[in-house]
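Work through these exercises with the sequence and the model side by side. Try each task before you read its solution.

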Amino acid sequence: MARYAAVDIGSNSVRMMAADVVGGETKVLAEDRQVTRLGESVFRNGRISGEALDFLCATLARMSASYSRLGVIGVRAVATSAVRDAGNQEEFVQRTSNALATDVEIISGAEEARLIHLGVEARWHRPKERTLIIDVGGGSAELIVSQNGQLIDAVSKPLGAVRLTELFLQSDPPKADELHRLNAYIDEKLQPFHKVHGAEKFARTIATSATAAAIVSAVNGIARTKRDQADRQSARIGQVRDLFSTLVKSDVATRRKIPGIGPRRAEIVTAGAAVFLRALELFDLKSLYYSSAGVRDGIIADLAARRVGSELSQLNNEQRTVAEDMAKKYGVSMKHIRHVGFLSHRLFQTLQPLHKLTPEAGRLLECAALLHDIGHFVSDTGHHKHSAYLVANSDLPGFTDKERLIVAALCRFHRKSMPQPRHSHYQALDAQSKRLVMSLTPLLRLADSLDRGHALRVKDLSGGLRDGTVVLQVQAEDDVDLEVWAANQAAAKVFREIYQAPLVVQRFKTSTI
């Protein structure tokens, strides 16, 4: 299980999301959103106002405290259109980075579009479909062509709802000449993209952003408090046109009464709706579908794809030195234990969707792999018990007492019987640690069995769940029948007891070409 946090500092609002990613599926743990209107001062005078920056930093500090309590292993914070245009970027980056206790990046429009696309794909994968994705934020609009889940083309245009409101809509309701200039400007900015893609046929148009949510909610009569119900709902072009006609005739007080449009969104929704309507008309699109995905979803998906934080599942240099020095002290085969450590790590990674443990558990598994044989120094008979005793009663700098006892228990149960209440090394653990030992013990047994002859024949492994069975394929150049037999005999039964799934270990022949 990988746990990440994303912060998207937009021109109109800042959003935070923390989520677990398991087997490609995202489970949201915490979300927060706050309207900040950074873009208002930027689009008026070119700088983020002190008041807006103060408010933003206080909001970011709150968000940071929220996801920090969840123990995330990776965080990415980005700022978009308004900050790209701001004259006081240096001050912004310094203050916001301090508030979040992590670096804030000012990303390009191209990177913003890439993250939006990743977010939509993570939330709503559509194989074999050519899609036009339109995101209208506070400062910019991104138009993205997607085919079979791949980004084909993307542009970022200065067509955000806050920006356009500040530039063109000075009256409330807006005057006819203001609307004329607004639509002419939108057409001018959309024309180059339309020239390239205007003749193409799209199976679906997906609209993202809070403005898109407001439009789809309004035409479907979905209350703002139930906006989650708008996800994947559609709005036909005629409905969008009728809504726009209503918006341009209404003042902000009247717009606030329209279901689905919030009090702050009512201030800028007219300009945002104009962009969506003109895009639908220019590209001859019949409808749009709302997706609740956004930059923050793309950040989470990107962190997971790049396996950010996966290094936490391996011992750091200091911890590895401590464990290996102890192993050398008791005269074990260093090649064997290092190989078991490598195989343990690969098993931990491969089976992560099944065990769903935090990366830190992988470090303890690797440490146990390095120390599981030290008991041979005392006696070959019952060496697993001696290994546990030596670990439990030794200093392990870099590990807490709780971690040391977990490692000792893993050494104790890497062979023979599984943990039972009568076992002292098991009784010494708290409930959480007992569950951890139960989950990791089959993996350590598998790794040790796959180097049964200490010959390092198994070079790597891969696999996953197939039709209810966990299938592991080992890669080797030499004969590994004994290792495969040992893994199936020694570990398969225990694995099934713990994970409630049958296990099959088989050889995958590597190419000799």
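The model is predicted, so local features need pLDDT of at least 70 and side-chain atom pairs pLDDT 80 or more, while totals for chains, interfaces and linings use all residues. Residues are numbered from 1 along each chain as its sequence is written, and side-chain values use heavy atoms, with hydrogens and water left out.

**Exercise 1. Find the strand order of the open sheet of five strands, and see what packs on the sheet.**

Step 1. Know the terms. Helices (H or I, at least four residues) and strands (E, at least two) are DSSP runs, numbered from the N terminus. Two strands pair if DSSP finds at least two bridges between them.

Step 2. Read the order: E3-E2-E1-E4-E5, with mixed pairing.

Step 3. Look at the edges. Strand E3 (25–35) and strand E5 (104–106) each have a single partner strand, so one side of each has no neighbour in the sheet. From one strand to the next, the twist averages 20°.

Step 4. Check one pair. E1 (residues 2–9) and E4 (residues 74–79) run parallel, joined by six bridges. In this pair, Ile 9 is opposite Ala 79 of E4.

Step 5. Contact means heavy atoms within 4.5 Å. Axes are lines fitted to C-alpha atoms, for helices over the stretch in contact; angles run from 0 to 180 degrees between N-to-C directions.

**Exercise 2. Which element gives the most to the lining of the largest pocket?**

Step 1. Define it. On a 1 Å grid over the protein atoms alone, a pocket is an open set of points where a 1.4 Å probe fits, with protein on both sides within 12 Å along at least five of seven lines; lining residues have an atom within 4 Å of a point.

Step 2. Count the lining. There are 41 residues, and Arg 15, Arg 33 and Arg 296 are among those nearest the centre.

Step 3. Name the element. E3 gives the most, with four residues.

**Exercise 3. Where is the cis peptide bond, and which loop holds Pro 173?**

Step 1. Most peptide bonds are trans.

Step 2. Find the exception. Asp 172 and Pro 173 are joined by a cis bond, with omega about 0°.

Step 3. Pro 173 is in the loop between helix H6 (161–168) and helix H7 (176–197).
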